[in-house]
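The model is a predicted one.

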Amino acid sequence: MREHKSPLLLHPYVLLFIAILSVSVSSIMIKSSDTPTAIAGMYRLLISAVIMLPFVPWTTIRSLSLSAKEWGTFLLAGLLLGLYFLFWMESLVYTSVASSMVILALQPLFVMTGSYFVFRESAGMLSVICLVSSLFGSVIIAWGDIGVSKEALIGDGLSLIGTILVSAYMLAGQKLSRKIDANLYSVVVFFLGGSVLFIYSMLSGYSLTNYNSSDWTYFLTLAIVPTIFGQYIFNRLLKTIGATTVSVGIIGEPVVAIILAYIVLGETISGSQFIGGLITLLGMLMYFWRQSAHYHYSASNRSFR
């Protein structure tokens with residue numbers, strides 16, 4: 001099948017930075033709302049799919065041709081996304097933003113391991129050192145939350161399951177990124193993920209419509225900021241820089257989220273969180289410096305072909 005080409009408007013790492021800032025807002029918004037997390041996640045994904053649908057050309061849909069295995073991967077990606085939102089958003093009910101986000105920062109470790117087995121991609125020693133440094137910083141950030149309470153452990157467990165699910169989702173997206181237009185891929189997986197949460201909400205007896213205007217504004221904002229400007233950009237970048245690099249960028253999300261939690265929710269920033277944040281950012285900057293140099297080298301090689 002013909003490979004889809006959709007040039008990026010900005011440098012991939014600029015887009016990655018925008019996406020990280022955008023998704024960092026979601027944890028603060030979820031923590032500040034009393035709306036059931038499954039309902040918020042459902043509308044977040046379904047509204048995003050509706051907003052993006054007009055940007056999917058009909059010719060793109062008609063030309064889509066996938067094997068049975070690829071269709072299975074496509075459907076699996078939507079299921080994984082819906083379950084990820086269900087587990088991760090629910091984790092914020094039980095544990096702090098810092099603890100949940102730091103566990104989410106384990107994502108690149110899972111993705112890097114999965115990339116080796118699925119795509120036979122092996123990371124260089126410097127990349128591994130940078131990643132380990134970032135993860136070490138994340139552990140320092142979360143140290144104060146370890147063993148706080150039974151509820152915190154439940155929240156941390158939900159966040160860990162969510163992290164495994166979103167890692168698998170990233171790998172599925174990278175596998176399909178050269179076969180499916182990013183806009184079409186995002187609309188379909190957002191719709192499928194939202195449908196998973198719709199079924200869960202119906203089974204749980206949640207109301208689908210009995211919400212006030214501020215709740216609907218909350219759903220719309222979740223759809224536009226962390227989903228379209230966050231998750232959608234991540235989907236676009238899977239083809240260009242790969243799932244591992246995208247997931248390493250997500251390590252910075254806890255740092256931004258902790259700062260926002262301090263400003264918006266009044267959560268304190270401890271000394272360990274401050275030091276851990278610096279180590280995390282340093283490890284990320286080293287990783288992206290190396291990857292950016294590799295990206296420029298590959299781009300220049302392609303330009304001379």
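A residue counts as buried when its relative accessible area is under 20%, as exposed over 50%, and as partly exposed in between. At 14% relative accessibility, Tyr43 is therefore buried, and so is Phe219, at 0%.

These two residues form a stacked aromatic pair, with 5.1 Å centre to centre and 25 degrees between the planes. The pair joins distant parts of the chain: Tyr43 lies in helix α2 (residues 37-52) and Phe219 in helix α10 (residues 213-250), 176 residues apart. Both belong to a cluster linked by ring pairs, together with Tyr211, Trp216 and Tyr218. The model has 10 aromatic pairs. Another stacked one is formed by Trp71 and Phe74. These residues are three apart in helix α4 (residues 68-94), so about one helical turn separates them. Trp71 counts as partly exposed because its relative accessibility is 37%, whereas Phe74, at 1%, counts as buried.

| Stacked pair | Centre to centre | Angle between planes |
|---|---|---|
| Tyr43 and Phe219 | 5.1 Å | 25 degrees |
| Trp71 and Phe74 | 5.8 Å | 20 degrees |

Turning to the helix packing, helix α6 (residues 107-119) packs against helix α8 (residues 150-176) at an angle of about 40 degrees, and their axes are 9 Å apart. The angle makes α6 oblique to α8. Their crossing is right-handed. Residues of α6 in the contact include Phe110, Val111 and Phe119, and those of α8 include Leu160, Ile164 and Met170. By class, the contact residues are nine nonpolar, six polar and one charged.

Notes:
Residues are numbered from 1 along each chain as its sequence is written. This is a predicted model: local features need pLDDT of at least 70, side-chain atom pairs count only at pLDDT 80 or more; totals for chains, interfaces and linings use all residues. Side-chain values use heavy atoms; hydrogens and water are left out. Axes are lines fitted to C-alpha atoms, for helices over the stretch in contact, and angles run from 0 to 180 degrees between N-to-C directions. Helices (H or I, at least four residues) and strands (E, at least two) are DSSP runs, numbered from the N terminus. Angles under 35 degrees count as roughly parallel, over 145 as roughly antiparallel, 65 to 115 as roughly perpendicular and the rest as oblique. A crossing is left-handed if the near helix is turned anticlockwise from the far one by less than a right angle, and right-handed if clockwise. Contact means heavy atoms within 4.5 Å. Ala, Val, Leu, Ile, Met, Phe, Trp, Tyr, Cys and Pro count as nonpolar, Asp, Glu, Lys and Arg as charged, and the others, Gly among them, as polar. Rings of Phe, Tyr and Trp (its six-membered ring) pair if their centres lie within 6.5 Å; planes under 30 degrees apart count as stacked, over 60 as edge-to-face and the rest as tilted. Buried means under 20% relative accessible area, exposed over 50%, partly exposed in between (1.4 Å probe, protein chains only).
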